[in-house]
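Reader: I have a model open and I'd like to learn how to read it feature by feature. Can you walk me through it?

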Amino acid sequence: ISFELAEYTANVDGVGTLRLLDAVKTCGLTNTVKFYQASTSELFGKVQEIPQTETTPFYPRSPYGAAKLYAYWIVVNFREAYNMFAVNGILFNHESPRRGPGHDPGRGRGSASLVMEEYLSRTGNDVRCRKESKDRNG
């Protein structure tokens, strides 16, 4: 499907990661946020060796794989440029009919939306970037 929606795929899966990392930086959260980018075995695409290792070259064969490759490298760049805790995980076959009915592939999205809210406020939207006081009672 990423071939049919290539621009959308690049925007969400590639540039979306950049937007989140930039939000962390813009809001001054580089020393407190731990950023994890869930990537995919699609990075390897046309497999060069079996099994894949940390040294197997990437060779994405779809807009989705290429977008996730951009996300992978922008995480590396932000980690090195801003000394952030920013890591990638390359997931293999993480969706399966064997998963039980309690499996929710959408969990964990709440934190990203909070960071984006702060980022949007810093870049000109109506919402103001809020830094919570350590003392919530005062």
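**Reading the model**

Author: Let's start at a loop: asparagine 83 is found in the loop between H2 and strand E2 (85-91). Helices (H or I, at least four residues) and strands (E, at least two) are DSSP runs, numbered from the N terminus. Before we go on, this is a predicted model, where local features need pLDDT of at least 70 and side-chain atom pairs count only at pLDDT 80 or more, while totals for chains, interfaces and linings use all residues. Residues are numbered from 1 along each chain as its sequence is written, and side-chain values use heavy atoms, with hydrogens and water left out.

Reader: What is the phi of asparagine 83?

Author: General idea: most residues other than glycine have a negative phi, and most peptide bonds are trans. Asparagine 83 has a positive phi of about 50 degrees, although it is not a glycine.

Reader: Is asparagine 83 buried or exposed?

Author: Buried means under 20% relative accessible area, exposed over 50%, and partly exposed in between (1.4 Å probe, protein chains only). Asparagine 83 has 66% relative accessibility, so it counts as exposed.

Reader: And which peptide bond is cis?

Author: The one from isoleucine 50 to proline 51, with omega near -5 degrees. Proline 51 lies in the loop between E1 and H2.

Reader: Let me zoom out. How many helices and strands are there in the protein chain?

Author: Three helices and two strands. Along the sequence, the pattern reads α-β-α-β-α. Of the 138 residues of the protein chain, 28% count as buried.

Reader: What share of the contacts comes from residues 24 or more positions apart?

Author: Contact means heavy atoms within 4.5 Å. Among contacts in the protein chain with a separation of 6 or more, 63% are between residues 24 or more positions apart.

Reader: How do I read a pair of packed helices?

Author: Two packed helices are described by the angle between their axes and the distance between the axes. Here, helix H1 (residues 6-26) and helix H2 (residues 63-82) pack at an angle of about 15 degrees, with axes 8 Å apart. The axes are lines fitted to C-alpha atoms, for helices over the stretch in contact, and angles run from 0 to 180 degrees between N-to-C directions.

Reader: What does that make the relative orientation of H1 and H2?

Author: Angles under 35 degrees count as roughly parallel, over 145 as roughly antiparallel, 65 to 115 as roughly perpendicular and the rest as oblique. H1 and H2 are therefore roughly parallel to each other. From H1, the residues making the contact include Ala10, Leu18 and Leu21, and from H2 they include Ala67, Ile74 and Phe78. By class, the H1 contact with H2 has 14 nonpolar, three polar and four charged residues. In that count Ala, Val, Leu, Ile, Met, Phe, Trp, Tyr, Cys and Pro are nonpolar, Asp, Glu, Lys and Arg are charged, and the others, Gly among them, are polar.

Reader: Where do nonpolar side chains go?

Author: In soluble globular proteins, nonpolar side chains tend to be buried together. A nonpolar core is a set of buried Ala, Val, Leu, Ile, Met, Phe, Trp, Tyr and Cys residues joined through side-chain atoms within 4.5 Å. The largest one here has eleven residues, among them Leu21, Phe35, Phe78 and Met84. Its largest share, three residues, comes from H2. Leaving aside neighbours within four places in sequence, methionine 84 is in contact with Leu21, Val24, Thr30, Phe78 and Arg79.

Reader: Is lysine 68 buried or exposed?

Author: Lysine 68 lies in helix H2, and at 9% relative accessibility it counts as buried. Beyond neighbours within four places in sequence, lysine 68 is in contact with Asp13, Gln37, Ala38, Ser39, Thr40 and Leu43. Lysine 68 and leucine 43 are 25 residues apart in sequence and 6.8 Å apart in space, C-alpha to C-alpha.

Reader: Which residues touch serine 39, one of those partners?

Author: Serine 39 lies in strand E1 (residues 34-40) and counts as buried at 2% relative accessibility. Neighbours within four places in sequence aside, serine 39 is in contact with Lys68, Gly89, Ile90 and Leu91.
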